[in-house]
Amino acid sequence: MSYVYRSGQRTGARRGPARAHAARRKQSIETINPARFVKPARAVQAEVYVPLHSFETFGLQQLLLRNIQARGFTAPSPIQDQAIPYGLAGQDVIGVANTGTGKTVAFALPILQHLLQNPAAQALVLAPTRELAAQIEDECRLLAKGSGLYGVLLIGGTSMGTQLRRLQDRPQLVIGTPGRVKDHLTRGTLDLSGFTACVLDEVDRMLDMGFVNDIRWILGRLPDARQSLFFTATLNASVTAIIREFAREPVTISVSNGDTTENVAQDIVRYSGTAEQLERLHDLLLGAPKALVFDETQRKVERLGKELAARGFAVDAIHGGKTQGQRQRALTRFRAGEVTVLVATDVAARGLDIRDVTHVINFSTPHSYDDYIHRIGRAGRAGNQGYAFTFVQS
């Protein structure tokens, strides 16, 4: 039997920490000088990385190698090349790398190998958002195709009843967001006492979203004798504190290449009122092959998406008020080019694999400069020049 994942329809999702964190951020919005939103693109010469390993020399099982080849992977990326050997050796790893560098494969291959070699083993993967958790699940399912491994995705916006039934089958791989995983632990429907490995992906984002207490609570229910893999774009004090508390002599692999927005041309768009703001956005989108437009709230995202659709744009929207199925369909359509404009709250700013975004447009001002950098980092990937525009009221 192939790696399995099933989910149902939306039920009530747990949003306590994220909602409380959003309220705190609303009270302390950073005042950003608009001049910081203006910066010309700089041509960045990508360094040619020569990997020390190939996928064939890692010692992976043949099934994994066949699935890697089927995925079209030819050579490991820097984070994969350097982190996978330590992961396969069972060591704790801290992987510091920017979004889009292949982090998912860097932790998925060691975890899947561990599960294949140890049929009684179980592993937990935590991610900050539903979309990223689903993206990780998709990658693991493809890499484990034909293995017989059984997995479950625990996220809000999908049926709790279906998740309860899947958990009764003792999945070897559990992938989820902190809120929903904690829900199951509290209910007694998930037992981590036998788990031998865990992964925290986008640790910095999870802490920024207010999940620090949930993460500590969850990790505290794992056995002390386990392998822990931590992946993050930034290694700040709060991330370091969590790792120091739960890792055992971790190896740090850092392939972060600093500023990922050098090849993004950044500018502001001034407007005097709502009507002018919409008209200026309309004009920008006429010259944008693939645009990600950020607005502040669910209601504003919905309203803006409907306005752009009425103006003839191929548009969809994602935000926390959508069901998981609706959010996934919107992302799928955007990736496939069926829609060329995706309007979103910050849920889409980190960790998602959307490779060919040409324009990021901040229809509302980001709450912090870090949020701004995370948003515009979706454009100009894979060495292509991107464009970022931030609306500023005169």
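Good morning. What I show today is a predicted model, in which local features need pLDDT of at least 70, side-chain atom pairs count only at pLDDT 80 or more, and totals for chains, interfaces and linings use all residues. Residues are numbered from 1 along each chain as its sequence is written, and side-chain values use heavy atoms, with hydrogens and water left out.

A word on terms. Helices (H or I, at least four residues) and strands (E, at least two) are DSSP runs, numbered from the N terminus. Two strands pair if DSSP finds at least two bridges between them.

The pair I opened with belongs to β5, residues 197-200, and β6, residues 227-232, which run parallel and are joined by 4 bridges. Both strands sit in an open sheet of 7 strands with parallel pairing, in the order β3-β4-β2-β5-β6-β1-β7. Its edge strands, each pairing on one side only, are β3 (151-154) and β7 (251-254). On average, and with direction ignored, neighbouring strands of this sheet are turned by 10° against each other. Helix α3, residues 78-88, packs on the sheet and touches β1 (93-96), β6 and β7. The direction of α3 makes about 170° with that of β7. Here contact means heavy atoms within 4.5 Å; axes are lines fitted to C-alpha atoms, for helices over the stretch in contact, and angles run from 0 to 180 degrees between N-to-C directions.

Let us now follow the chain out of β5. Asp201 lies in the loop between β5 and α8 (203-208). Is Asp201 buried or exposed? Asp201 is buried, with a relative accessible area of 2%; buried means under 20% relative accessible area, exposed over 50%, and partly exposed in between, with a 1.4 Å probe and protein chains only. Leaving aside neighbours within four places in sequence, Asp201 is in contact with residues including Lys103, Phe107, Leu126, Met206 and Phe231. Asp201 and Phe230 are 29 residues apart in sequence, yet 6.2 Å apart in space, C-alpha to C-alpha.

Glu202 lies in that loop between β5 and α8 as well. Glu202 has a positive phi of about 55° although it is not a glycine, and at 2% relative accessibility it counts as buried. For context, most residues other than glycine have a negative phi. Glu249, in the loop between α10 and β7, also has a positive phi, of about 45°, and is not a glycine. Glu249, however, is exposed, with a relative accessible area of 74%.

Another loop residue deserves attention. Gln122 is placed in the loop between α4 (103-117) and β2 (123-126), and is buried at a relative accessible area of 9%. What does the side chain of Gln122 reach at 2.9 Å? The side chain reaches the backbone oxygen of Pro171. Not counting residues up to four places away in sequence, Gln122 touches Leu115, Arg170, Pro171, Gln172, Gly194, Phe195, Thr196 and Ala197.

Next, a helix pair. Helix α9 (residues 212-219) and helix α10 (residues 237-246) pack at an angle of about 10°, with their axes 11 Å apart. They are therefore roughly parallel to each other, the cut-offs being under 35 degrees for roughly parallel, over 145 for roughly antiparallel, 65 to 115 for roughly perpendicular, and oblique for the rest. Val212, Arg216 and Leu219 of α9 make the contact with Ile242, Glu245 and Phe246 of α10.

I turn to strand β11, residues 341-344. Val341 and Val343 point one way from β11, Leu342 and Ala344 point the other way, and all are buried. In general, side chains of a regular strand alternate between the two faces of the sheet. β11 pairs in the parallel sense with β9 (residues 291-294) over 4 bridges, and β10 (residues 315-318) is likewise joined to β11 by 4 bridges, running parallel. Val341 is opposite Ala291 and is also the bridge partner of Val315.

Finally, strand β13, residues 386-393, is mostly covered, with 6 of its 8 residues buried. β8 (residues 264-271) runs parallel to β13 and is joined to it by 8 bridges, with Tyr271 partnering Gln393. β12 (residues 359-362) pairs with β13 in the parallel sense over 4 bridges, where Val360 has Ala388 as its bridge partner. Thank you.

Terms used. Polar contact = N/O pair within 3.5 Å; in protein donor to acceptor, adjacent residues only side chain to side chain.
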